[in-house]
Amino acid sequence: MSGIFGVMCNADGMKSTERDLHKLKKWNQAYGTDDEQICQGEYYALGCCYEEISPRICKSLIMKQRQYLSVIDALVYNPETLGSSESERSDEELIMDQICDKGYNTLAQINGDFSGAVLDEKKQTLTLFRDHLGVRTLYYYADDRMTAFSTDIRGLLALEGVDATINEDWIYRTCAGYYMDGVEATEYKHIFCVKPSSYITFSYSGNKLSIKQDRYWDIGLHKKHLNSFEEYKKELKELVTDSVRRRLLATQHKIGAELSGGLDSGVIDIIINRLDRQCEFYSWSVDPKEVFYAEADERLIIEDICRQENIECHYSNLNSDWGKEANIYHYMQNLGFELQDDEPLAFKFVLPPYINAMTISETAGYMRQNGVKLIFTGHGGDEGVSHRCNLYELFYHHEYLDFIKNLWGQTRGEKYRFYHTMKNGYRILVKNRKYLRKPFRGPFAAPEFINKDFADKFREEDMPAMHFAYDPIKYIKEGGSRNRLDNIALLGAYNGVRYVVPFLDYRVVDYAVSIPRHLYVKNGKNRYIFREAFKDIMPDSLYSLMGKEDNSKKNYPPKEDWYTEYAQIKQQVYKKLDRDYWSRYLNYDEIDKWMEKGKPSDKERRQDMNKLMNLHYCAMAQNLIEKARKVRC
């Protein structure tokens, strides 16, 4: 695990100050505390903050090979296919060897989570690259003066010369409810992600920047055709199991795993246990000793898994402590921040606008306290591997015969079966199709808060649809996994752990999206082939689970003082937003009316909280700009 960073300047030479390099290093230090190094030349500087995870230890953080200098953040899962004997070469050296010998397209053959930067001293170019599905983060900023990159986006925001203008497209989509991360854009107009499965090369001719971007791999290019359902099922099970096994072999450290009551984490955790690896299991749900089970509670399934596998799961607490004992608190203090107890957590800890941030940080903190350095997560499963297929998806992918078979099967035993079948077909092909293919507006929408002149710059038809429901390839290519991946990278680093994502092994997800879609639905049961592939290891309650929500919350004791806390955060977010800046984007007449409104009714409560979340995201983006440069130098 590493935090990598650096700059390359134009022909005028190295303009970055020691202060800028120090800020880059400070924001990346959480990603690696075992060792650090900076190498600086006439027109460049490369840096790495390293933490040992793999048994193949990195001997040189900044590698030199022929005319190339490189910094790489990597965990490789197939070293044996890359010409490496046991512990002979580090993961970073293996990747560098492959690039030097065969070029960047050889990255397609590397099974791992990685990002890196290679400086060609002879050609004076800088190339950034990233793993197939974007598990490891890497951000960059580029103009005619300099190119800079960083594992942590706040490292770039800390640089004096970086234009940190907030991305107007992000503002509109966030406030209007069309928020999707994408694979490249960020909250900031001139800061980008390196695209997954890509490499991008920067060079200067005088004071003019040139950028060339290439892909080394693409998902779902070749459809898989096997002879029987049993063969499809067997291949899926073998690939998922091998993905877990390879990630277990990647470290000798103690491991942990998230355990929810869902198919994805349940299968991953059962495989881990049956591969005979000691593991700490953790659920986001609150301990049943604090909140008793509700009907259809996901914790009942967790308990079934624990009984079957003879394992123990630790649960979260009803009232998490984000005070001075939390790892994230100490880290921010080390960066030089004076933490105010009454400041919202996202502002205090300088968090980007991510979802589930505090829950993920609590998980990572528990794991680190119990000696874990590598956490397995089931994230990424339903993006493609354990996919929730629906009948429209069959039609969309031209599997018309299977569409008709499943449509007919849904009305088995009904009177006037043909009529009901036709009625269902109309609903799917007309109503559902229209809904699924139109731009998707999520629950966190407050379009009335958007300045009309600003809103008129955007067209609804240009907003993204929710391809998750029927086109997993498109959804993955659009960055459907990204917010959680960015989040676990950052919050894992804060707590000294690294997350691994077996379902985003490129072999697994490529196979899953390339097999016929009808394998994922049968007789009204979705995720069908995934259920059948692992039926022999699942408890019945997990196998028969049709849909999951956090039902444990239904028994949470009501917070009588919820409005006091809500009103306080509402005021803090409102005050944080720079009115002079945001008035060009936000309708303050509407916001002021909303602020003057008292306690919302029970019916209005959820909508009001969603509006607050909307403004909170905007305030978080502003907060990063304000605080990133305040790191202690």
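Helices here are DSSP runs (H or I, at least four residues), strands likewise (E, at least two), and both are numbered from the N terminus. I'm working on a predicted model, where local features need pLDDT of at least 70, side-chain atom pairs count only at pLDDT 80 or more, and totals for chains, interfaces and linings use all residues. Residues are numbered from 1 along each chain as its sequence is written, and side-chain values use heavy atoms, with hydrogens and water left out.

**Helix α2**

α2 spans 17 Å from first C-alpha to last over 12 residues, close to the 16 Å expected at 1.5 Å a residue; the expected span is 1.5 Å times one less than the number of residues.

Next I checked burial (buried is under 20% relative accessible area, exposed over 50%, partly exposed in between; 1.4 Å probe, protein chains only). α2 is mostly covered, with 10 of its 12 residues buried. Among them are D91, E92, E93, L94 and I95. What do the buried residues of α2 pack against? I found β3 (44-50), β4 (63-65), β5 (68-76), β6 (112-120) and β7 (125-130).

**I95 and the cores**

Leaving aside neighbours within four places in sequence, I95 is in contact with I72, A74, V76, L107, I110, F114 and F129.

The largest has 183 residues, of which I95, F129, M332 and L351 touch the most other members. Helix α24 (residues 602-628) gives the largest share of this core, nine residues. A second, separate core of 24 residues includes Y50, V71, Y140 and Y204.

**Helix α6**

I looked at α6 (residues 263-274) too: 12 residues reaching 16 Å from first C-alpha to last, close to the 16 Å expected. 10 of the 12 residues of α6 are buried, so α6 is largely enclosed by the rest of the structure. The buried ones include L263, D264, S265 and G266. D276 follows α6, with a positive phi near 65°.

**Lining of the largest cavity**

Last, I read off the residues lining the largest cavity by class (Ala, Val, Leu, Ile, Met, Phe, Trp, Tyr, Cys and Pro nonpolar; Asp, Glu, Lys and Arg charged; the others, Gly among them, polar). The lining has five nonpolar, one polar and four charged residues. Helix α17 (residues 482-494) supplies the largest share of that lining, three residues.

Note on methods. A nonpolar core is a set of buried Ala, Val, Leu, Ile, Met, Phe, Trp, Tyr and Cys residues joined through side-chain atoms within 4.5 Å. Contact means heavy atoms within 4.5 Å.
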